Amino acid sequence: MFNQAIIRVGIRYGVLCGVACFAIVLLLYFMGLNPFGDYGRYSFIPIPFAIFLGIRYYKKFNDTEIGFLRGLRVGTSVAFYAALCTSMLVFILTYVAGPELLQQHIQEMKALLEETREDQIKIMGERMFEEGYKALDSMSPSMLAADDFVRRFVGGLVFALIAAVFYRK
């Protein structure tokens with residue numbers, strides 16, 4: 001079950017991908033844009049490349065007859081370490097940058113919710129919309145980092161699934 005080669009490839013490509021994702025977040029921050037809003041999606045671009053490169057590296061140097069499940073494990077490992085590295089760095093950034101960055105993100109989220117209020121109420125209901133709107137005020141850097149981790153990991157799982165199909169024997 002535990003394969004050191006998979007973990008090594010996951011750490012190598014995952015941490016490199018995490019640093020690349022965070023570099024994009026920093027670039028957006030220094031450009032004056034909200035790195036956690038719509039522009040933050042650009043920081044997801046390195047994830048599929050790292051997953052494909054990680055599985056390709058594993059197939060080339062460790063197991064030339066890689067199967068679907070092993071490819072999925074490699075891709076999941078890369079996605080996990082990329083999401084973990086990026087979310088830890090995002091957590092540090094929100095503390096170093098101060099509360100202004102988090103408040104800017106909260107204000108943009110509230111404005112977005114107000115713009116789509118009617119559609120959101122139709123989907124979720126009035127009570128759930130109000131609870132979600134009030135919950136934005138209590139957002140902390142750790143909540144932001146946890147949300148970032150989940151979004152990156154789930155997105156990475158999708159690409160790991162695609163890459164595992166592509167690289168299977």
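View 1. Just after helix α1, glycine 32 adopts a positive phi of about 90°; helices here (H or I, at least four residues) are DSSP runs, numbered from the N terminus. The model is a predicted one, in which local features need pLDDT of at least 70 and side-chain atom pairs count only at pLDDT 80 or more, whereas totals for chains, interfaces and linings use all residues. Residues are numbered from 1 along each chain as its sequence is written, and side-chain values use heavy atoms, with hydrogens and water left out. Helix α1 itself (residues 4-30) has 27 residues and reaches 38 Å from its first C-alpha to its last, close to the 39 Å expected at 1.5 Å a residue, the expected span being 1.5 Å times one less than the number of residues.

**View 2. The buried residues of α1 and what covers them.** Among the buried residues of α1 are Ala5, Ile6, Val9, Gly10, Gly14, Cys17 and Cys21, where buried means under 20% relative accessible area, exposed over 50% and partly exposed in between (1.4 Å probe, protein chains only). An α-helix has 3.6 residues a turn, so residues three or four places apart point the same way. The cover over the buried residues of α1 includes α2 (46-61), α3 (68-97) and α7 (141-167). Phenylalanine 22, also in helix α1, is buried with a relative accessible area of 13%. Leaving aside neighbours within four places in sequence, phenylalanine 22 is in contact (heavy atoms within 4.5 Å) with Thr86, Leu89, Val90 and Leu93. Phenylalanine 22 and leucine 93 are 71 residues apart in sequence, and their C-alpha atoms are 9.5 Å apart in space.

**View 3. Two aromatic pairs.** A search of the whole structure finds 12 aromatic pairs, counted where ring centres of Phe, Tyr and Trp (its six-membered ring) lie within 6.5 Å, with planes under 30 degrees apart taken as stacked, over 60 as edge-to-face and the rest as tilted. The rings of tyrosine 13 and tyrosine 57 have centres 5.8 Å apart and planes at 50°, so this pair is tilted. The pair links distant parts of the chain, with tyrosine 13 in helix α1 and tyrosine 57 in helix α2, 44 residues apart. Tyrosine 13 counts as buried at 17% relative accessibility, while tyrosine 57, at 25%, counts as partly exposed. The rings of phenylalanine 80 and phenylalanine 153, with centres 6.0 Å apart and planes at 85°, form an edge-to-face pair. Phenylalanine 80 lies in helix α3 and phenylalanine 153 in helix α7, so the pair ties together parts that are 73 residues apart in sequence. Ring pairs link Phe80, Tyr81, Phe149 and Phe153 into a cluster.

View 4. Aspartate 148 lies in helix α7 and is buried, with a relative accessible area of 3%. Not counting residues up to four places away in sequence, aspartate 148 touches Thr86, Ser87 and Val90. A polar contact of 3.0 Å joins the side chains of aspartate 148 and arginine 152; such a contact is a pair of N or O atoms within 3.5 Å, of which, within protein, one must be able to donate a hydrogen and the other to accept it, and residues adjacent in sequence count only if both atoms are side-chain atoms. The charged end of arginine 152 sits over the ring of phenylalanine 44, 4.4 Å from its centre, the criterion being NZ of Lys or CZ of Arg within 6 Å of the ring centre and within 35 degrees of the ring normal.

Conventions
Helix = DSSP H or I, 4+ residues; strand = E, 2+ residues; numbered from the N terminus.
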